[in-house]
Amino acid sequence: MKQYGGVIKPKTKRAKRFLDNRAPKLTENVKNAMIMKGGNTSMTVTQALKDIYALKKPSAVLYKKKNIARPFEDSTSLEFFSKKTDSSLFLFGSHNKKRPNNLIFGRLFDFHVLDMIELGIEKYNSLSDIKSSKCPEGTKPMLVFAGDAFDHENEHKRLKSLLTDFFRGPVVPSVRLAGLEHVLHFTALEGKIYMRSYRSLLKKSGCRTPRIELEEIGPSFDFILRRTHLASDDLYKTAHKQPKALKPKKKKNISHDTFGTKFGRLHMQKQDLAKLQTRKMKGLRKRRGPAAAAVVAGETSLKTTEVE
Amino acid sequence: MAACSIEDVLAKAEQDEAEKLRSITVQKELDLEFDIGNLVAYDKNRIDIRQFREQKKDDFLRSLARDNTQLLINEIWKHPTERVEEVIVVKLPEPTTALPREKPPPKPRPPTKWEEFAKLKGIQKKKKTNLVWDDVAKNELHRLRNIARAQKIKVPGVGLTPTAQQSTTDLSRAVNVAKVSTASAGKFQDRLPKEKAPRNTGKKRKFQPVIGNFSSEKQRQLDLLKVMDSKKPRLDVNKAVNKQMREDDREESAAKFRKGGKKGRKGGNFSGKGKGGKGKGGGGKGRAGGKGQGPPGGKKGAGKR
């Protein structure tokens, strides 16, 4: 019987299922995102939040009302909301004179803030500005990160990890080939981050792999990196700890070569090689009868002549 | 000349291949890194800032995105595909980028009261197989056991278990069985010089040919009709009933013996008396039941004859 540490102990099966869904598991659910507005917001920010909500549709909640909170100073209200909606990602939009058109992307671990990165919107084209047919909701997008900043700079590395976490969608074992439509492309250049969203058209090429043509659909942002609040190294390490049960089991007596050849090991008892059972070739068997006797006689006569 | 034309053909083929691949190849300084489990590609190449400024930003970004997406799609297409309900689906590997979990891994639950008790007592979990006892097979098994017990033959082998006095027939039967139990079913077994071929081999039941002697077939059918017509019963009711009763008695005594064997050790004095009383009552019931069942049971026996 599991101990339900929370306030509520389930009395119905439905409640129990609900609480089990939210409990810590071996393989986790898709991360939910909560999208909220700060004390003061501009048209760009509200539109941007709506667009990102559309991108993340089934696993996101969009709050309509304004929340007067400052994530960088006090994150208690964020943590309270995350517990209520079981979300571990958040997007907080605000606008003031000092930081115009501000978006804070963040994630939580165990309902406490892990990372927070503040991005300012410099240029923005919304979904409705770009007239083209959109991808269906819930398609797993392909993500591309371009630019060496994503590899060299610490803050950009965290941003890359956070954006992957935010936009990747559910982890699936297989994907329909025709459904690989949505591409999100992030470019880090000169301290700015350009986010573009395209729809990929798979065209016929001579061979099996199709040729790609891109058509811009979704929102396009020109971000500038502002403040960051990154988790300490040990908290980051604890967050990455995977339970032992998920580790792939090692099969005994199987080893792999450098070339990728698979080798197995068999343990046999000791065999007397002289008494091995091999195929019987009837023609090669020793013949009993006149023919054999003649051969034997011939051999013995040879031997006697030699002695002489 | 022939040699020239072959070279031409090969060159043309190579050109065609290159054309085909040209549409999907992308030239990059550094290869991209892929995490196909998450459908992510990482492009670490340096971006030419001058080119970026010359062109319109969007166009530059779009061409860069197209190239990177093409490489990602090429990589995805390398993975195995399968067909699931008229849809072609690609099997993705496990994701390689380490992303933080949302909650800490689950803690092992404290053992329940039963689990603790089992550990204390050393009780192990035994898995039940899903094999079920077949009722029809049970009857067959009992019938064979009775036959074996009646004729004092051990069930597994015919003449394979040596008894004190073995007749020639028993021995010859044993020898024949031993001869046939080789890998080639006794086909290559040599016989002793004066040994005769074993009798009663071949088909155990002989069927009449479908189109054979018409007169004999007609005779057989007429005889059958005559028997069915006659008022005299074909089966001997007395004999059948006695046979059934004997079988019932035997089964009952076997059951009593088994029960007596198991409980007699522990029970002691009183159980024996109880057993005796119960047995008598059971015998009476069984006999009455046997009488009632006589005709149907008997008919079964007659059919087998």
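I started at A:S220, which touches A:K123, A:Y124, A:N125, A:M195 and A:R196, leaving out residues up to four places away in sequence; contact here means heavy atoms within 4.5 Å. A:S220 sits in strand β11 (residues 220-229) of chain A, and at 3% relative accessibility it counts as buried. My cut-offs: buried is under 20% relative accessible area, exposed is over 50%, and partly exposed is in between (1.4 Å probe, protein chains only). Helices (H or I, at least four residues) and strands (E, at least two) are DSSP runs, numbered from the N terminus.

Housekeeping: this is a predicted model, so I keep in mind that local features need pLDDT of at least 70, side-chain atom pairs count only at pLDDT 80 or more, and totals for chains, interfaces and linings use all residues. Residues are numbered from 1 along each chain as its sequence is written, chains are lettered from A and ligands numbered from 1 in the order in which they are written, and side-chain values use heavy atoms, with hydrogens and water left out.

**Chain A**

I got seven helices and 13 strands for chain A. Buried residues make up 40% of its 308 residues. Its accessible surface is about 19,500 Å², with 55% belonging to carbon and sulfur atoms; areas come from the Shrake-Rupley method with a 1.4 Å probe, and for residues only the protein chains shown count as cover.

Next I checked helix α5 (residues 154-167) of chain A: its 14 residues should span 20 Å at 1.5 Å a residue, and the end C-alpha atoms are 20 Å apart, which agrees. The expected span is 1.5 Å times one less than the number of residues. In α5(A), 11 of the 14 residues are buried, so the helix is largely enclosed by the rest of the structure. Among the buried ones I noted A:H156, A:R158, A:D165 and A:F167. Just after α5(A), A:G169 takes a positive phi of about 80 degrees.

**Where the chains meet**

How many residues does each chain bring to the contact? I find 54 from chain B and 70 from chain A. The area buried between them is about 5,800 Å², of which carbon and sulfur atoms give 62%; that is the accessible area (1.4 Å probe) the two parts lose on being put together, summed over both. On the chain B side, B:W77, B:R101 and B:E102 lose the most area to chain A, together 16% of what that side buries.

The rule finds seven salt bridges across this interface, a salt bridge being a side-chain nitrogen of Lys or Arg within 4 Å of a carboxyl oxygen of Asp or Glu. I looked at B:D58 with A:R196, which pair at 3.1 Å, N to O. A:R196 also turned up in my first entry, touching A:S220.

B:K44 lies in the loop between β2 (40-43) and α2 (49-54) of chain B and B:E33 in strand β1 (residues 33-35), so the pair ties together parts 11 residues apart in sequence. B:K44 is buried at 18% relative accessibility, while B:E33 is partly exposed at 43%.

I also logged B:E82 with B:K91 at 3.5 Å, N to O. Bridges that share partners join A:K31, A:R107, A:D115, A:R158 and A:D165 into one network.
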